[in-house]
Amino acid sequence: MHLINVEAVLNIMDEQTPIDSLATKVLERFRVYEESSLEYAILSHCWQDNEVGFEAMSNLTKDALQTHSGEKVVRSCIEARKQGLKWLWIDSCCIDERERQRAINSMYRWYRWSKICYAYLHDVTDAFPGEASSQTKWPRWFFRGWTLQELIAPVKLKFFNQNWEEIGDRTSLASTLNTITRIQTTILEIMSWAADRETSEPEDKAYSLVGLFGVSLTVIYGEGASYAFQRLQDVLVKEYGDQSIFSWSGESKSGSVLADSPSDFRNCADVIKRDFHSSAQSRRQPIQICQGIVKHAAIGEMRSRLLLLLRR
């Protein structure tokens, strides 16, 4: 993964570093593992127009940092320096296009291994909203497809408003977060929670969930949201052998027993997971999926209960 050198960014902003100095090398590449002693902060945010990208970050100028998206980089670096952290990761400017496949499959772990995550709510002007009304809506950040893993994975998560004022953390806002997300304190109802999330790329509705389920998926932009999501379910069935994945409601446009979208799980939040291994018949005849068709003797039981996975 590539990480931002916090001091290099702040030096460029303050014009304290000669342009030909090695200290201006803003991006450094690291191989990060769970047991790594490398400490870094991470930014979770909504992408907006003209984000500072990987190429711009590789040849960073003060002008780029003075844009709206550049300010997010600077302010994140300031927060990281306050906590004695030398490195920072931001999805919009730290991913080399050639590494996108690995990045998507590794992103949950990168958030998990970070020292702290800053959630920047660009549409919150003051305190964290206590409730949504016709005049006040929940921050847009909560409706992104990638928010689920960014909310759950980090060890520590702090929220900031548009002025970069700290407005709470995951612990102090637990009750409000539960209201917004419908996530219980111990069980992650992943499919149901993901039902109303929005993503820039349709396939990201599936790709943004792989880390939460602890699986990997080949990234194929252009394949379409439905096919990507069905491939994810295929992997989940093979990995966990859990028939409860078939508990979605609705009708698949493809005619498959697999759902087309997370929205098909919208009303399944309170379904109880079935213990697949408790069935002797199931142990004798495990589920197999081939081109979207499920083969199993107990076909009548297939769409039984929603998959409930992953404790923090």
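Tutor: We begin with Asn50, which sits in the loop between E3 and H2. Keep in mind that the model is predicted. Asn50 has a relative accessible area of 70%, and because exposed means over 50%, Asn50 counts as exposed. Its backbone deserves a look too: the phi of Asn50 is near 60 degrees, a positive value in a residue other than glycine. Most residues other than glycine have a negative phi.

Asp49 belongs to this loop as well, which runs between strand E3 (41-44) and helix H2 (54-58). Asp49 is exposed because its relative accessibility is 70%. Along the sequence, 19 residues separate Asp49 from His68, yet their C-alpha atoms are 9.2 Å apart in space.

For a contrast in burial, turn to Trp164. Trp164 also has a positive phi, about 60 degrees, although it is not a glycine. Its place is the loop between strand E6 (157-160) and strand E7 (166-169). Here the relative accessible area is 4%, so Trp164 is buried.

Another loop lies between strand E2 (27-29) and E3, and Tyr33 is found there. Tyr33 is partly exposed because its relative accessibility is 40%. Tyr33 and Trp113 are 80 residues apart in sequence, while 8.1 Å separates their C-alpha atoms.

Next comes Ala64, a residue of helix H3 (residues 62-65). Leaving out residues up to four places away in sequence, Ala64 touches Val52 and Gly70. The C-alpha atoms of Ala64 and Val52 are 7.1 Å from each other, with the two residues 12 apart along the chain.

The largest nonpolar core has 81 residues, and the members that touch the most others are Ile4, Tyr40, Trp89 and Phe159. Helix H5 (residues 100-113) supplies the largest share of this core, 6 residues. Trp89 shows what such touching involves: setting aside residues up to four places away in sequence, its contacts include Met1, His2 and Leu3, then Tyr40, Ala41, Ile42 and Leu43, and also Met107, Trp110 and Tyr111. Cys94 and Ile95 are on the list of Trp89 contacts as well.

What about the cysteines? Cys46 is buried because its relative accessibility is 3%. Cys117 is buried too, because its value is 0%. A disulfide is a covalent bond between the sulfur atoms of two cysteines. The search of the whole structure finds 0 disulfides.

There is also open space to consider. The largest pocket holds about 510 Å³. It is lined by 19 residues, and those closest to its centre are Trp47, Trp146, Ser200, Glu201 and Asp204. H5 gives the largest share of this lining, 3 residues. Sorted by class, the lining has 8 nonpolar, 4 polar and 7 charged residues.

Last, the whole chain. The protein chain has 12 helices and 9 strands. It consists of 312 residues, of which 54% count as buried. Among contacts between residues at least 6 apart in sequence, 68% join residues at least 24 apart.

Key
Residues numbered from 1 in each chain as written. Predicted model: local features only at pLDDT ≥ 70, side-chain atom pairs only at ≥ 80, totals over all residues. Heavy atoms only, no water. Core = buried A, V, L, I, M, F, W, Y, C linked by side-chain atoms within 4.5 Å. Buried < 20%, exposed > 50% of the residue type's maximum accessible area, 1.4 Å probe, protein only. Helix = DSSP H or I, 4+ residues; strand = E, 2+ residues; numbered from the N terminus. Contact = heavy atoms within 4.5 Å. Disulfide = S-S within 2.5 Å. 1 Å grid on protein atoms, 1.4 Å probe; cavity = no way out; pocket = protein on both sides within 12 Å on 5 of 7 lines; lining within 4 Å. Points joined across faces, edges and corners; volume = space filled by probe spheres on them. Nonpolar A, V, L, I, M, F, W, Y, C, P; charged D, E, K, R; others polar.
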